[in-house]
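Below are some comments for a colleague who is about to go through this model. Please read them with the sequence and the coordinates open.

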Amino acid sequence: MRKIIPQVCRVVSNRKLNSSGAYFKIAVEGFKLSKRILPGQFVHVKVDPGNDPYFRRAFSVADFDKATGRLDIIYKIVGKGTSILGNMRKGDSLDLIGPLGNHFNKPGKNKNLVMVAGGVGLPPLLFYCRYLLNSGYPSKNIMFLYGGRTNNELVELASLRRLGVEFIPCTDDGSYGFHGLITEALKAKLPELDTNKTMLFGCGPEPMLEALQNLAIQHGYKGQLSLEAPMPCGIGVCLGCIKERLDRPKKYVRVCYDGPVFNIGEVKI
Ligand SMILES: Cc1cc2nc3c(=O)[nH]c(=O)nc-3n(C[C@H](O)[C@H](O)[C@H](O)COP(=O)(O)OP(=O)(O)OC[C@H]3O[C@@H](n4cnc5c(N)ncnc54)[C@H](O)[C@@H]3O)c2cc1C
Ligand code: FES
């Protein structure tokens, strides 16, 4: 049984990442529950000290420094919970549970990795990419595609460029980088990729993940996808986040407990 203890952390910064103000990065310190957080895992955040909203909100870990216990979350303001988070200031307290869920696997060093991040799917793949590079994975073997609707929806571009991997930004409206859907940018790259040596990793909106999974299955690529679902409990007990398996119809997974990372072809998106 996983240890589940809420802990109160201290906000050390909370800043806007783009001019429209929709994207923020919050950093907290004092995260002592775990000395190890792996890319793909998430924290369940109580955004209000009272009970409104009642349920916690799930956020992927965008970075973690085990020496200080500093944990970063990159988030987009979409509703009540994320708006409350957007008003947090340095010195405020934030109640977290985690790390929860599973994580992306570490592939062999001879593999070529293609990471496909759409919108708020960026944080876990940014963490994964940094983690692999820090553990000696060759940067020349990683391609990172990152897409948003328009240029103001793309954040952390400087950090992404600093990674030194092949970086392909895309926007639906052509205002920055490749003009078109991220899966179209990937299709344009497919002729350069060796199916047997390449693994795909994705996180982003469901339609993007569905298209990515279909493309991967059609061309025979292996890899992993991080899924999202509403998560009332986050610990596997409420069944609020179930999805049907693709490989075993009428069998179900709990995204929070069995995932959020699943192998390509495992879950119906
Ligand atoms: C494992 C996991 C990791 C996540 N990581 C991140 C992250 O790193 N950064 C980030 O910005 N967001 C992330 N999310 C999504 C985040 O949990 C939601 O944006 C958040 O719960 C919205 O809360 P709210 O109160 O602001 O919005 P609500 O008022 O609850 O909802 C506002 C709108 O957002 C939609 N929405 C709510 N939850 C989700 C969801 N889970 N997926 C898609 N749409 C949703 C609702 O349908 C509604 O349209 C993650 C979700 C999961 C399950
Ligand atoms: S959120 Fe309750 S089982 Fe997944």
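This is a predicted model: local features need pLDDT of at least 70, side-chain atom pairs count only at pLDDT 80 or more; totals for chains, interfaces and linings use all residues.

1. Residues are numbered from 1 along each chain as its sequence is written, chains are lettered from A and ligands numbered from 1 in the order in which they are written, and side-chain values use heavy atoms, with hydrogens and water left out.

2. The largest pocket holds about 1000 Å³ of space. A pocket here is an open set of points on a 1 Å grid over the protein atoms alone, where a 1.4 Å probe fits and protein lies on both sides within 12 Å along at least five of seven lines; lining residues have an atom within 4 Å of a point. The volume is the space filled by probe spheres set on the points, which are joined across faces, edges and corners. Of its 46 lining residues, V120, G121, G204, P205 and E228 are the closest to the centre of the pocket.

3. Several elements give two or more residues to the lining of this largest pocket, among them β3 (42-46), β6 (70-76), α1 (80-86) and α5 (206-219), and β4 gives the most, with four residues. Helices (H or I, at least four residues) and strands (E, at least two) are DSSP runs numbered from the N terminus. By class the lining has 23 nonpolar, 15 polar and eight charged residues, where Ala, Val, Leu, Ile, Met, Phe, Trp, Tyr, Cys and Pro count as nonpolar, Asp, Glu, Lys and Arg as charged, and the others, Gly among them, as polar.

4. The second largest pocket has a volume of about 260 Å³, and its lining includes K35, R36, D63, F127 and R130. Helix α2 supplies the largest share of that lining, four residues, and the residues divide into five nonpolar, two polar and five charged.

5. Zero disulfides are found in a search of the whole structure, a disulfide being a pair of cysteine sulfur atoms within 2.5 Å. For C203 the nearest cysteine sulfur, that of C129, is 14 Å away. C203 counts as buried at 4% relative accessibility, given that buried means under 20% relative accessible area, exposed over 50% and partly exposed in between (1.4 Å probe, protein chains only).

6. Six aromatic pairs are found in the whole structure; rings of Phe, Tyr and Trp (its six-membered ring) pair if their centres lie within 6.5 Å, and planes under 30 degrees apart count as stacked, over 60 as edge-to-face and the rest as tilted. The ring centres of Y54 and F55 are 5.2 Å apart and their planes stand at 80 degrees, so this pair is edge-to-face. Y54 is exposed, with a relative accessible area of 60%, whereas F55 is partly exposed at 43%.

7. F104 and Y128 form a stacked pair, 4.8 Å centre to centre with 25 degrees between the planes. F104 lies in the loop between β7 (93-100) and β8 (112-118) and Y128 in helix α2, so the pair links distant parts of the chain, 24 residues apart. F24, F59 and Y75 form one aromatic cluster.

8. I242 is placed in strand β14 (residues 242-244) and counts as partly exposed at 41% relative accessibility. Leaving aside neighbours within four places in sequence, I242 is in contact (heavy atoms within 4.5 Å) with Y252, V253 and R254.
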